[in-house]
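Trainee: I'd like to learn how to read a model like this one. Can we go through it together?

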Amino acid sequence: MRERSPRFAVESWRLANGLRVVAQVDPGTPLIASMTCYDAGSRRDPAARSGLAHLCEHLVFQGPRGGAGGGFPARIADVGGSAQAYTLPDRLCFSAVFPRRELAAVLAVEAERMVRPLRPGDDGPVDVQRRVLLEELRERSQSRSRAAAYEQIHRQLFPPDHPYHRPPAGEPDGIRAVTREDVEAFVAAHVSPRNAVLVLVGDLSVPETVGLVRDAFEALPAGPAPVTEAAPGEGPAPGPRQLSVTAAVPQAHAYVAWTVPGFGREGWYLASLLMRGLAVGRSSALARELVERAGLAQEVHAHLVTLRDASTLVFAASAARGVDGRRLEQGLLAAVDQLLSRGLSTAELSRARRKALSDHWGVAQSYEWRADLCASLACYLGAPERLEGEARRYEAPDEDAVATFARELRRQPARATLSLVPLAEAA
């Protein structure tokens with residue numbers, strides 16, 4: 001029988017100036033998704049400048065204004081593409097989706113972003129984007145309770161000197177303290193070929209792509225050596241950490257969370273399966289316990305916050321009518337403790353695998369999301385070629401492995417518990 005060709009074969013190479021390039025060919029649609037990532041996330045923020053990376057992301061995304069071609073997003077839009085940018089704890093990312101025939105034009109934008117991302121000496125754009133970021137934080141605190149809750153959870157799980165303690169979006173005082181000189185120094189230190197990974201997914205010809213990438217990037221200066229990072233803190237003191245916060249929510253919410261291994265490690269897949277097996281969906285074990293049997297919750301959910309060095313596994317519930325925050329929190333803790341003590345049944349593990357594979361293939365169908373997954377593998381593990389075999393990693397763990405992981409998580413002394421209490425209940 002003829003051996004099946006790889007579905008997501010990846011080719012990668014490095015230019016002389018240090019730029020790492022990853023190409024994944026899929027001719028299904030005449031589109032290309034690009035993802036350029038810099039090792040310059042919020043973990044690089046100085047303690048008194050929380051939000052510096054996020055502010056730099058906004059400015060570098062727009063690029064110098066006033067040129068004949070407009071800002072970087074406008075230039076990509078002009079060729080029929082769309083552009084986005086975001087800040088994570090471990091990287092800054094600039095993405096685009098565009099017609100395949102416009103690859104050279106988009107590579108020219110990304111190359112210019114590396115060498116001329118800002119207009120030196122111009123305070124105006126810094127002031128504008130500072131106001132934008134502060135407004136984003138204000139809106140998040142008022143209308144995005146889940147995002148705000150996860151920020152509180154990370155503050156509990158990681159000590160103040162750990163790069164994951166501060167939110168990637170920044171903090172108001174830190175954003176206000178950022179100066180133009182801070183921005184220029186940060187960008188000069190981190191936005192360069194030596195500190196970047198370029199991922200291209202879609203209707204590519206590899207020989208043509210190699211030539212276009214060389215034309216756009218090979219002559220660029222490498223930039224400074226990567227910044228040496230101090231070792232993060234040892235972690236929180238042993239013992240659970242509990243916080244109750246008054247919030248503008250219609251009913252109480254409760255969260256319990258632990259740190260688990262970083263993306264791509266064995267424990268990350270175990271946590272992913274455990275999360276899906278216990279708490280994803282209206283028929284999950286946690287929903288049956290809290291919603292159907294105890295009547296304490298109207299909804300449960302779980303999430304794995306994926307980071308490079310340590311991820312966060314969160315179980316959460318929103319209160320049923322008439323249930324206060326304290327009862328909900330106690331019920332969530334008791335239910336999760338019980339479920340972790342037993343692990344996953346055969347049926348639950350099978351369901352979790354199917355859900356994980358469904359989610360994985362759903363992501364893989366999108367060029368943009370596939371580029372992001374490939375960039376994560378390249379940036380966090382240095383192994384973009386793992387894209388081809390990622391699905392199989394959800395199939396490897398057996399019941400014993402998941403049960404052992406669950407019991408170890410249950411015994412882990414440091415956990416974070418958070419309750420969001422409605423204003424009316426607090427009064």
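Mentor: Let's start with the largest pocket: H13 gives the largest share of its lining, six residues. Helices (H or I, at least four residues) and strands (E, at least two) are DSSP runs, numbered from the N terminus. This is a predicted model, where local features need pLDDT of at least 70, side-chain atom pairs count only at pLDDT 80 or more, and totals for chains, interfaces and linings use all residues. Residues are numbered from 1 along each chain as its sequence is written, and side-chain values use heavy atoms, leaving out hydrogens and water.

Trainee: How much space lies in the largest pocket?

Mentor: Rolling a probe the size of a water molecule over the atoms shows where empty space is left. Here, the largest pocket holds about 1700 Å³. On a 1 Å grid over the protein atoms alone, a pocket is an open set of points where a 1.4 Å probe fits, with protein on both sides within 12 Å along at least five of seven lines; lining residues have an atom within 4 Å of a point.

Trainee: Which residues lie nearest the centre of the largest pocket?

Mentor: Of the 49 lining residues, those are Leu-88, His-303, Leu-304, Val-305 and Thr-306. Elements that each supply at least two lining residues include strand E9 (297-305), H12 and H13.

Trainee: Which residues of H12 are buried?

Mentor: An α-helix has 3.6 residues a turn, so residues three or four places apart point the same way. In H12 the buried ones (under 20% relative accessible area, with exposed over 50% and partly exposed in between; 1.4 Å probe, protein chains only) are Glu-348, Leu-349, Ala-352, Arg-353, Ala-356, Leu-357, His-360 and Ala-364. They cover an arc of only 165° around the axis, which puts them on the same side of H12; the arc is that of the directions from the helix axis to the C-beta atoms. On the other side, Ala-347 and Arg-354 are exposed.

Trainee: What do the buried residues of H12 pack against?

Mentor: Their partners, by contact (heavy atoms within 4.5 Å), include helix H11 (325-342) and helix H14 (399-411).

Trainee: And H8, which of its residues are buried?

Mentor: Val-206, Thr-209, Val-210, Val-213, Ala-216 and Phe-217. Those residues fall within an arc of 140° seen down the axis of H8, so they line one face of the helix. Pro-207 and Asp-215 are exposed on the other side of H8. The cover over the buried residues of H8 includes strand E1 (10-14) and helix H3 (103-115).

Note on methods
Grid points are joined across faces, edges and corners, and a volume is the space filled by probe spheres set on the points.
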